Amino acid sequence: MTESALNQRLLKRFEKLQQQVPQPPSVAAGKLVRGIGLTLEAVGCQMPVGSQCLVQTIDGEIEAEVVGFAENITYLMPTEAVKGIVPGSRVQPLAREQGLPVGMDLLGRVVDGNGQPLDGLGPIAAERRVPLTRPPMNPLTRRPISQPLDVGVRAINAMITVGSGQRMGLFAGSGVGKSVLLGMMTRGTTADVVVVGLVGERGREVKEFIQDILSEEERQKAVVVAAPADTSPLMRLKGCETAVSIAEYFRDQGMNVLLLIDSLTRYAMAQREIALAVGEPPATKGYPPSVFARLPALVERAGNGGEHQGSITAFYTVLTEGDDLQDPIADAARAILDGHIVLSRSLADSGHYPAIDVEASISRVMPQVVSDEHLLASRRIRQVYSTYQQNRDLISIGAYNRGTDPRIDLAINAEPAINAFLQQGMTQVLPYDESLEGMAKLAQGLGKG
């Protein structure tokens, strides 16, 4: 057989094989028929929920995501400000590799809700892509929480001890010090990696957090995901999910991760905006049912992994409007988290920082991760502190006579020492062992009671 005949035969064989390879189905472009509020309505294109598309405007193209459909109408949510759209604008399905790019190069970087860099340091080398949402982990494959995690804050280390793999809520009103406390934990933690999600908060805080709160060394083990309040609700929603997906990647590498989400309330509000825009009926205080379905799905992704995996210890800030702990989001979060830390406005107003209300705060896994001596000492301090708070008004107006009740006398004498123990400087890092030593000395001075 000659060389040309052989080439012809191979070419025909190649063409036949090519015909047998299934080609991806082509998706037709559609057009806009309506744009109102946050949503765009398109017809003529069949795309699954969660897929991306490009909408042609008079100013160029904007990216949007499919968030729902009704009969032949597809609902789109733009990822940026909507401007320049006209009736009949072309909607082109976007064919690109799905998933969030992750890799060790994320350390030390600042990214947006899509995982794209915001710090101007060039592209991030991705090792692989992971989905923004994962199927639930089998609860029986998780390792139990058995070891405490040092967060560098004495009041938490001693009185509300957090276990490695625990999910905690940080409940507070606006301006009480949530972001400052998150920064203190970022500096003081012994975790291998810190993932911070600044979602729906002031844009000013993003740069301040990176430059003022994190040192150069601390920045190298941290990943910051920023989706400020001026971004679209879709980007705010993705911001939280991106931060969790990045934390899951590092956990799969066998690392212990500290995940800080500020805030879970803004995540719920973003989902509320999207759900109401596509017609979902409101339920509890204006929040649609999908909000309360997405909260546990997000929170449950944190925690300990299986064998040969690391852990994700998560702190989610919850904004309590008007300091109301019965807010629907606060109430739902408290039910699905492994404990909560409450920041008190009255303590903050009196100059007590961090303004942690140890009476109202609890760690549900603390008995499993600390010694009996540690638990007894913390309970003793809590009892004396609670006695003083219950009689504070009587003591303040001079209506209590010393010698009437030995418990109240002890609480009055111990109050300055307990307050000093629970306070800490913003830039001060107090390790776990040092926190326990201070607690043991303080509890010993209070006696058995």
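## The second largest pocket

The second largest pocket has 24 lining residues, and Ser179, Val180, Arg202, Glu205 and Glu208 sit nearest its centre. Here a pocket is an open set of points on a 1 Å grid over the protein atoms alone, with protein on both sides within 12 Å along at least five of seven lines, and lining residues have an atom within 4 Å of a point. This is a predicted model, in which local features need pLDDT of at least 70 and side-chain atom pairs count only at pLDDT 80 or more, while totals for chains, interfaces and linings use all residues. Residues are numbered from 1 along each chain as its sequence is written, and side-chain values use heavy atoms, with hydrogens and water left out.

The second largest pocket holds about 500 Å³ of space, a volume being the space filled by probe spheres set on the points, which are joined across faces, edges and corners. Helix H3 (178-188) and helix H4 (203-213) each give its lining at least two residues, and H4 has the largest share, 6 residues. Helices (H or I, at least four residues) and strands (E, at least two) are DSSP runs, numbered from the N terminus. By class, that lining splits into 8 nonpolar, 6 polar and 10 charged residues; Ala, Val, Leu, Ile, Met, Phe, Trp, Tyr, Cys and Pro count as nonpolar, Asp, Glu, Lys and Arg as charged, and the others, Gly among them, as polar.

## The largest pocket

The largest pocket comes to about 680 Å³. It has 33 lining residues, with Gly50, Gln52, Glu65, Leu132 and Lys238 closest to its centre. H6 gives the most to this lining, 5 residues, and the classes divide into 12 nonpolar, 12 polar and 9 charged.

## One cavity

There is 1 cavity of 30 Å³ or more, a cavity being a set of points where a 1.4 Å probe fits but cannot get out. Among the residues lining the largest cavity are Arg109, Ile210 and Arg219.

## Cysteines and Thr57

How many disulfides are there? The count is 0, with a disulfide taken as a pair of cysteine sulfur atoms within 2.5 Å. The sulfur of Cys53 is too far from the closest cysteine sulfur, in Cys45, for a bond, because the two are 6.7 Å apart. Cys53 is buried at 0% relative accessible area (buried is under 20%, exposed over 50%, partly exposed in between, with a 1.4 Å probe and protein chains only).

Thr57 belongs to strand S3 (residues 52-57) and is buried, at 8% relative accessibility.
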